[in-house]
Amino acid sequence: MEVEADLGAESMKDESFFGPLDILLITALLGIAAWWFMKDKKKEDGYKSYSIQPTALGSSSDTSGNSFIKKLKTSGRSLVAFYGSQTGTGEEFAGRLAKEGVRYQMKGMVADPEEYDMGELINMKEIPNSLAVFCLATYGEGDPTDNAMDFYEWLQNGSADLTGLNYTVFGLGNKTYEHYNAVGIYVDQRLEELGATRVCELGLGDDDANIEDDFITWKDKFWPSVCEYFGIETMGEDVSIRQYQLVEHTEINTDRVYTGEVARLHSLKNQRPPFDVKNPYLAPITVNRELHKAGNRSCMHIEFNIEGSRMRYDTGDHCAVYAKNDDENVEKLGKLLGVNLDTLFTLTNTDEDSSKKHPFPCPTSYRTALTYYLDITSNPRTHILKELSEYCSNPEEQVKLKSMASTSPEGKQLYNSWIIQDNRNILHILEDMPSCKPPIDHICELLPRLQCRYYSISSSSKLHPTTVHITAVRVEYKTPTGRLNKGVATCWLADKKPSPVSAPPPAEEESPPPPPSTALVPVFIRKSQFKLPTRPQTPIIMIGPGTGLAPFRGFIQERDLYRKEGKPVGDTILYFGCRKKSEDYIYQEELEEYVASGTLKLYVAFSREQQQKQYVTHLLEKNKEELWNVIGENNGHLYVCGDAKNMARDVHNIVVSVIKEKGNMEEAQANTYLKKMEAQKRYSADVWS
């Protein structure tokens, strides 16, 4: 044994301390550690989009860092209005409150919580008579907007002492969604828990009804509460205060003029990754085909080529499209305002301390502003009508506009009937009130920004990594006044026909633009939580009538690919509904092929092919055993996509009923079970109203 031990010791002298296997394991562990660190960093980077402030020189203008306290102190302000906004409404409301603060001896500023250190809220007490207002939207399944995510998580995970902070919250939500105004409600309660003082009761706006009415009604309570709390009085009449100063250019280097870019000058000519909300990618349309077989409605299948863009998407994500306003409407508006649309101009914020130097990229032309930057088709809010009234030479028209801008019951009723129900936009108002002649620069200041449109991606990234598919219904309808209203994005996309030109070269440091004959669309990808189970063998049920089918087309493509690769795939069940099989049964051939190959189990409801209308919810009720088998006995996933107001609510009620009946539970237990499914992402909804 001693000899064997000596031989072993001698042989160890000839070997290195670590064997090849040891070195391999250590290398693998180091690699995993590096990957984990980079994954978190990428995740963090993925949720933040770099911001480029558009100025006359296209350079960043914010030099004060991320301290809103410093800005408040150096500029003599006491009111800060934070916004959480996905479509611009929350930002608009915050801006209106900050602007009105002057009347109440509270000079205000608007702030994006993503751009500031929100931990500084603990120092608000250092500013006398200070107030923080939060205009926060809720979207998705009770989620904060992208720009408010960090602030929301800070409130959830932190325990800062906010004693001395005076605050109020206005939430923006939609009652057709289950988690109505969840973010506003939570922030209001959490700030109080952390010691802050609520100055005015929580306001809740419902976008499914009339969120403008909700806001101005709440605002009528808000300012009196502020005055009472701080012991201040108003400073006279509510007069119009211009926020931006106009300069029209007679001599300017046209190479420095914006022509429709979202932020960076020449970004649509010289494409540079990464591509995001501030820097969209010009994607060529390779396919644009009609899906409806008959009838007077239109549904388009559109494919974007993203090869070389470095953009990646996951099945279930959203594709955002930056569209442009109709040229005919822009021309009409220019004539009504009596201007040369090709005049170059700049609007500069009169508040030198504001981080928002311009309402949109400047310098530019009036034509570009009305085409690419301003929303000229939505119903104007009441504050716009109030400012328009000042330009009416006809007393009756002036009184009518002022009435609609008021909070009186008669004014609200008139606004609801004449603006909302009759669906009038700025163009229609100026047509119907010929004495109203506002200057175009004031119109450019008043109108909100034209927002991008989001579409559920209807393809699988595993099957189509270099193309993004969307499914969009063309919007076109007659208003009660006999006018033809067109959907900004869908009607614009309908005219974008692909050409045989090949895709652009990969976007490296800078890439030349594709040839002008190519149908190009500025797009970017927005991440979604609407995802397939990580295990393909998990059974799923998808409920998506109409274009609600879009994300499920990607889901089915992916499950079919797994099946062809020999992987075990669970039941893939789809409930689809449309009006008539001969008209709007979109992707019929594809779906039937998936059924024939064994990938898909399909239930289709044709609502108008029999006297009694039949919807997907009727079919779901007939299959309670199968529904419970998937969600109750096999921990499957349930997905809903489409109309939030009726279909999604009915599905929710059916699921609760099935859990009660098949799971032998009381109402409260069934609701708890469903909440648990939601928390586990086993019950997901991608819905709209």
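**Entry: strand β11**

I looked up β11 and found that β11 and strand β18 (residues 520-526) pair in the antiparallel sense over four bridges. Helices (H or I, at least four residues) and strands (E, at least two) are DSSP runs, numbered from the N terminus. Two strands pair if DSSP finds at least two bridges between them. The model is a predicted one, in which local features need pLDDT of at least 70 and side-chain atom pairs count only at pLDDT 80 or more, while totals for chains, interfaces and linings use all residues. Residues are numbered from 1 along each chain as its sequence is written, and side-chain values use heavy atoms, with hydrogens and water left out.

In β18, I found Phe 524 as the bridge partner of Ala 320. β11 also pairs with strand β14 (residues 453-456), again in the antiparallel sense and over four bridges. There, Tyr 455 of β14 is the bridge partner of Cys 319.

I then checked the faces of β11 (residues 318-321), and both are covered. His 318 and Ala 320 on one side are buried, and so are Cys 319 and Val 321 on the other. Buried means under 20% relative accessible area, exposed over 50%, and partly exposed in between (1.4 Å probe, protein chains only).

**Entry: the sheet with β12**

I noted an open sheet of three strands in the order β8-β12-β13, with antiparallel pairing. Its edge strands are β8 (244-249) and β13 (364-365), each of which pairs on one side only. Strands of a sheet pair through backbone hydrogen bonds, either parallel or antiparallel.

Between β12 and β13, which run antiparallel, I found two bridges. Leu 344 stands opposite Ser 365 in β13.

**Entry: Thr 348**

I picked out Thr 348, which lies in strand β12 (residues 344-349). Is Thr 348 buried, partly exposed or exposed? It counts as partly exposed because its relative accessibility is 33%.

I listed what Thr 348 touches, leaving out residues up to four places away in sequence: Gln 243, Tyr 244, Gln 245, Lys 357 and His 358. Contact means heavy atoms within 4.5 Å. Gln 243 is 105 residues from Thr 348 along the chain, yet their C-alpha atoms are separated by 8.3 Å.

**Entry: helix α10**

I went through helix α10 (residues 382-389) and found seven of its eight residues buried, so the helix is largely enclosed by the rest of the structure. The buried ones are Thr 382, His 383, Ile 384, Leu 385, Glu 387, Leu 388 and Ser 389. I looked for what covers them, and the cover includes α4 (89-100), α7 (211-230), α11 (395-404), α12 (409-421), α13 (426-432) and α14 (440-446).

**Entry: two helix pairs**

Two packed helices are described by the angle between their axes and the distance between the axes. Axes are lines fitted to C-alpha atoms, for helices over the stretch in contact, and angles run from 0 to 180 degrees between N-to-C directions.

I took α5 (residues 149-157) and α6 (residues 182-193), which pack at an angle of about 45° with their axes 11 Å apart. α5 and α6 are therefore oblique to each other. Angles under 35 degrees count as roughly parallel, over 145 as roughly antiparallel, 65 to 115 as roughly perpendicular and the rest as oblique. On the α5 side the contact is made by Phe 151, Tyr 152, Leu 155 and Gln 156, and on the α6 side by Val 183, Tyr 186, Val 187, Arg 190 and Leu 191. By class, I have seven nonpolar, one polar and one charged residues in the contact of α5 with α6. Ala, Val, Leu, Ile, Met, Phe, Trp, Tyr, Cys and Pro count as nonpolar, Asp, Glu, Lys and Arg as charged, and the others, Gly among them, as polar.

Next I took α16 (residues 550-564) and α17 (residues 588-597), with an angle of about 30° and axes 12 Å apart. That makes α16 roughly parallel to α17. Arg 553, Ile 556, Gln 557, Asp 560 and Arg 563 of α16 meet Glu 590, Leu 591, Tyr 594 and Ser 597 of α17. The residues of this contact divide into three nonpolar, two polar and four charged.

**Entry: Glu 626**

I found Glu 626 in helix α19 (residues 624-633). Glu 626 counts as buried because its relative accessibility is 16%. Residues up to four places away in sequence aside, Glu 626 touches Ile 541, Ile 573, Tyr 575, Lys 601 and Tyr 603.

**Entry: totals**

I counted 21 helices and 23 strands for the protein. Of its 689 residues, 50% are buried.
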